[in-house]
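I record what I looked up, entry by entry.

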Amino acid sequence: MAGDLRQRRAAGDADGEEERGKAGTSSGGGGGVEEAAERGSGGRKEALGWLEWSRGWLATVGEFFFQRIAASHLANPLELPPLDGVSIIVTGATSGIGLEIARQLAQAGAHVVMAVRRPKTAHELIQKWQNEKSECSMPLNVEVMELDLISLDSVVKFADAWNARMAPLHVLINNAGIFAIGEPQSFSKDGYEQHMHVNHLAPALLEMLLLPSLIRGSPSRIINVNSVMHTLGFVDAEDMNLTSGKHKYRSWLGYSNSKLAQVKFSSIFHKRIPAEAGVHIVCTSPGIVHTNVARDLPKILVAGYGLIPYFIFDAQEGSRSTLFAASDPQVPEYCETLKSEDWPVCACINYDCNPMNASEEAHNLDTSHLVWEKTLEMIGLPSDALEKLITGESVQCRYGAEKSE
């Protein structure tokens, strides 16, 4: 199976590499007239070129119309291997894709930790799932821990509580996210643009702080639920809050930028973590899914959303790529292959459970390194945090200080 995954990657990525070769931007250089127009006087790229931007919209629209056809070979629900003895943390597990991910993993025998803002809702769901099982079956191994991703203090508190168990963690699924469509720009109490905070910064802090437990559970996986809309993003490490005025804030831009930042951070994480640590990092695209994201749409769009069920996945269909990435035995070998080939982007799995090629801008290692450094600064970790955590040293985070006082 691992060989099959590498073969599927080879065809798609070869095409992508050829395109990047023509554009001359795989490491942030060159790019011709179109890219030169998007660079400032200092030669630094300041926005997507019109061709990259057009490709991003084409990919998004194409996914909407053709995702169901492309994924028609997949079982629904996805068949999972037995997961007894596997510990998995799932953020945002009380609704949408996260609910389906947690339910199916628990039914496959995993020890599932629902990391959620509303513990009461999670407990009610567990009781419902248990009632749906036959009376003679074993009880589900599910627990609830409180986590509010809009607060970096809450992330530190959660990670400290889990690490204190000295128990292995086999899979971390960063599923929770927001898309405040059409809403004005807003900021978290920590001072960060809400999409960037919830979709990128909080998951980045969580996976860094949980690294000791992930190493203890090696071979382990970090699964970041991403989006095709990362292809529309452009991350300026000096303006991750979109407050400089260089780019007019729009909700779709805030969302796209946060998803691209997640791919870039994950890619540098993938490159820097030693192979012997046994922690594999994957970004997954669930497809375009009818979930609670729709609650943020204008009413007329919410109505339209309900009129096109054929094109849009339901939550169970949207959970398949993440479940595949979290459980399939070929995924670690695929990640190791990318590392050995020094591929510039971490493993990315599409909604059809095949490898996907991230956007051209995601391959720009110059900006990816800048995003890595800036992210560590924003989440309150020192620049050498990864190296210290790998060697078992403690790392002081700027957040969560109230807990230790």
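**Entry 1: basis and count.** How many salt bridges does the count come to by this rule? The rule takes a salt bridge as a side-chain nitrogen of Lys or Arg within 4 Å of a carboxyl oxygen of Asp or Glu. I found that the count comes to eleven. I noted that this is a predicted model, in which local features need pLDDT of at least 70, side-chain atom pairs count only at pLDDT 80 or more, and totals for chains, interfaces and linings use all residues. Residues are numbered from 1 along each chain as its sequence is written, and side-chain values use heavy atoms, with hydrogens and water left out.

**Entry 2: a pair between distant parts.** I looked up Glu360 and Arg55, whose side chains meet in a salt bridge at 3.1 Å, N to O. The pair links distant parts of the chain, 305 residues apart. Glu360 lies in the loop between strand S7 (347–349) and helix H14 (365–378), and Arg55 lies in helix H3 (residues 50–70). Helices (H or I, at least four residues) and strands (E, at least two) are DSSP runs, numbered from the N terminus. For accessibility I used these limits: buried is under 20% relative accessible area, exposed is over 50%, and partly exposed is in between (1.4 Å probe, protein chains only). Glu360 counts as buried at 14%, whereas Arg55 is partly exposed at 34%.

**Entry 3: a pair within one helix.** Glu100 forms a salt bridge with Arg103, and the closest N and O atoms are 2.6 Å apart. The two residues are three apart in helix H4, so about one helical turn separates them. I noted Glu100 as buried at 13% relative accessibility and Arg103 as buried at 16%.

**Entry 4: further charged residues.** Asp384 and Lys388 meet in a salt bridge at 3.7 Å, N to O. Asp384 is partly exposed at 30%, and Lys388 is partly exposed at 26%. I also found a network of salt bridges that links Asp153, Lys189 and Asp190.

**Entry 5: helix H5.** Which residues of H5 are buried? I found Ala122, Leu125, Ile126 and Trp129 to be buried. They lie on the same side of H5 because they cover an arc of only 100 degrees around the axis (the arc of the directions from the helix axis to the C-beta atoms). On the other side of H5, Lys120 and Asn131 are exposed. The buried residues of H5 pack against helix H4 (96–107), strand S2 (111–116) and strand S3 (142–146), where contact means heavy atoms within 4.5 Å.
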